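Please examine the sequence and the three-dimensional structure shown below.

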Amino acid sequence: AKVMTFLEPPLYSVCHVVAVRRDDSVQVHNFNQIRRLGQEGKIVTLLNTATHRYLLKQGDLQIVTRKTVQQMLESVIRGASRFAYYHSLGLSYVIQKYGYENKLKILPVSFRLYHHYIAVSNQLLPVEVAQVSQALNTLKTTGVLDRIYQKYSKVDCT
């Protein structure tokens, strides 16, 4: 806050979601339901990330980690893990990038929602901040920000 200002509106929102094998009929709406699955509820996530730390704080979950999102998804495809837990944008993008759409699906549940913003230096002149803010608002009101997001993720976090 001392050196940067975050501009409204957010560029986009992301949420924590889970991907499972396409043929898995499991439906979960919260961590308690995953906990009740015991060993059948093993979650793979990306090592040393905010999503990993968030999962650890939930307590009593069967968590394993991998070094890449592709490795996470392959763990689910092989059946070594049941759930891949990460943010919506990352999971959607990697599923699409590696052609896993016929092997995996993202369940319609959101575990955590947060926003990403443009940050500008407090050293910018007020007129410059106003110009960036105005451009950002135009991108939002014309739907450009939403179209860019939808190019990379089909998950609706609202």
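A residue is called buried when its relative accessible area is under 20%, exposed when that area is over 50%, and partly exposed in between, using a 1.4 Å probe and protein chains only. By this scale Arg82, with a relative accessible area of 21%, is partly exposed. The model is predicted, and local features need pLDDT of at least 70, side-chain atom pairs count only at pLDDT 80 or more, and totals for chains, interfaces and linings use all residues. Residues are numbered from 1 along each chain as its sequence is written, and side-chain values use heavy atoms, with hydrogens and water left out.

Helices (H or I, at least four residues) and strands (E, at least two) are DSSP runs, numbered from the N terminus. Consider helix H3, which covers residues 69-78 and in which Val69, Met72, Leu73, Ser75 and Val76 are buried. Seen down the axis of H3, these buried residues fall within an arc of 150°, so they line one face of the helix; the arc is that of the directions from the helix axis to the C-beta atoms. Contact means heavy atoms within 4.5 Å. The buried residues of H3 pack against strands E1 (4-21), E2 (43-46), E3 (63-66), E4 (83-87) and E5 (104-106), and against helix H4 (88-97). After H3 comes Gly79, whose phi is positive, near 90°.

A nonpolar core is a set of buried Ala, Val, Leu, Ile, Met, Phe, Trp, Tyr and Cys residues joined through side-chain atoms within 4.5 Å. The largest such core has 21 residues, and Val69, Met72, Leu73, Ala84 and Leu91 have the most contacts inside it. Two or more residues of this core are given by each of E1, E2, H3, E4 and H4. Leaving out residues up to four places away in sequence, Ala84 touches Val17, Val18, Ala19, Val44, Met72, Leu73, Val76 and Leu91. A second, separate core of 14 residues includes Val28, Phe31, Ile34 and Leu61.

Strand E1 also contains His16, which is buried, with a relative accessible area of 0%. The side chains of His16 and Tyr85 are joined by a polar contact of 2.7 Å. Such a contact is a pair of N or O atoms within 3.5 Å; within protein, one must be able to donate a hydrogen and the other to accept it, and residues adjacent in sequence count only if both atoms are side-chain atoms.

What joins Cys15 to Cys157? The link is a disulfide, with an S to S distance of 2.2 Å; a disulfide is a pair of cysteine sulfur atoms within 2.5 Å. Cys15 lies in strand E1 and Cys157 in the segment after helix H6 (144-152), so the pair ties together parts that are 142 residues apart in sequence. Both cysteines, Cys15 and Cys157, are buried.

Charged side chains form further links. A salt bridge is a side-chain nitrogen of Lys or Arg within 4 Å of a carboxyl oxygen of Asp or Glu, and by this rule the count comes to 3 salt bridges. One of them joins Asp24 and Arg82 (2.8 Å, N to O). This pair links distant parts of the chain, with Asp24 in the loop between E1 and helix H1 (31-36) and Arg82 in the loop between H3 and E4, 58 residues apart. Asp24 counts as buried at 13% relative accessibility. Another salt bridge joins Arg21 to Asp23, with the closest N and O atoms 3.3 Å apart.
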